[in-house]
Amino acid sequence: MGEGCDVEEVTIKDRNGKVVATATGAMGRIEIPDANLWWPAPLDPYLYTACIKFEDDYYEQTFGIRTVKVEGTKFLINNKPFYFKGFGKHEDFMVHGRGLDLCLDVKDVGLIHWLNGNSFRTSHYPYAEEMYDLKNHGCCLSESLLWLV
């Protein structure tokens with residue numbers, strides 16, 4: 001943020017809308033006591049909402065809290081082994097070509113869950129921001145060799 005661009009307030013809400021943390025100013029640290037950790041499960045990926053007020057603007061962004069690491073041949077999320085079961089996905093559709101189709105993306109994630117999948121790989125290029133938000137609802141997403149969980 002530039003000079004004089006102080007954020008008026010950052011509020012973190014839990015999945016029920018209860019405020020669990022607040023902070024003010026352009027820089028700082030915010031802590032969520034007894035945080036619930038995100039896990040890529042279709043029925044229960046715990047998500048928080050960051051609410052940011054800046055002058056006349058107000059933004060909301062959902063996010064999950066998790067740790068990710070690799071130990072030997074194990075991929076760990078929140079220190080638990082995670083086994084990827086997923087698909088390659090293209091951001092195009094035979095009717096309209098390449099581009100964002102949020103309804104189709106929601107359907108695709110639903111089909112991944114229905115098939116007991118938990119991840120998908122993108123194809124060759126970054127996807128629309130909405131797809132990265134959608135993956136927080138119970139999927140891991142891979143871009144080439146980079147895993148976004």
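Student: Where is E55 found?

Tutor: E55 is found in the loop between β3 (48–54) and β4 (57–63). Strands here are DSSP runs of E, at least two residues, and helices are runs of H or I, at least four residues, numbered from the N terminus. One caution: this is a predicted model, where local features need pLDDT of at least 70, side-chain atom pairs count only at pLDDT 80 or more, and totals for chains, interfaces and linings use all residues. Residues are numbered from 1 along each chain as its sequence is written, and side-chain values use heavy atoms, with hydrogens and water left out.

Student: Why is E55 called partly exposed?

Tutor: Its relative accessible area is 48%. Buried means under 20%, exposed means over 50%, and partly exposed lies in between (1.4 Å probe, protein chains only). E55 therefore counts as partly exposed.

Student: Which label does N79 get, buried or exposed?

Tutor: Exposed, because N79 has 52% relative accessibility. N79 lies in the loop between β6 (74–77) and β7 (80–81). Phi of N79 is positive too, near 65°, and N79 is not glycine.

Student: How many salt bridges does a search of the whole structure find?

Tutor: The search finds 4. The test is a side-chain nitrogen of Lys or Arg within 4 Å of a carboxyl oxygen of Asp or Glu.

Student: How do you know that K53 forms a salt bridge with E8?

Tutor: The closest N and O atoms of K53 and E8 are 2.9 Å apart. That is within 4 Å, so the pair qualifies. K53 lies in strand β3 and E8 in the segment before β1 (9–13), so the pair ties together parts that are 45 residues apart in sequence. K53 is partly exposed at 35% relative accessibility, and E8 is partly exposed at 38%.

Student: What makes E71 and K69 a salt bridge?

Tutor: Their closest N and O atoms are 3.4 Å apart. The limit is 4 Å, so this pair passes. E71 is partly exposed at 44%, and K69 is partly exposed at 35%.

Student: How do you know that K107 forms a salt bridge with D108?

Tutor: The closest N and O atoms of K107 and D108 are 3.3 Å apart. K107 is partly exposed at 42%. D108 counts as buried because its relative accessibility is 19%.

Student: Why is R66 called buried?

Tutor: R66 has a relative accessible area of 18%, so R66 is buried. The place of R66 is in the loop between β4 and β5 (68–71).

Student: What does the side chain of R66 reach?

Tutor: It reaches the backbone oxygen of G64 at 2.9 Å. A polar contact is a pair of N or O atoms within 3.5 Å; within protein, one must be able to donate a hydrogen and the other to accept it, and residues adjacent in sequence count only if both atoms are side-chain atoms.

Student: What is the strand order in the open sheet of 4 strands?

Tutor: The order is β2-β1-β3-β4, with antiparallel pairing. The edge strands are β2 (19–23) and β4, because each pairs on one side only.

Student: How do you know that β1 and β2 pair?

Tutor: Two strands pair if DSSP finds at least two bridges between them. Here 4 bridges join β1 to β2, which run antiparallel. The bridge partner of I12 in β2 is A21.
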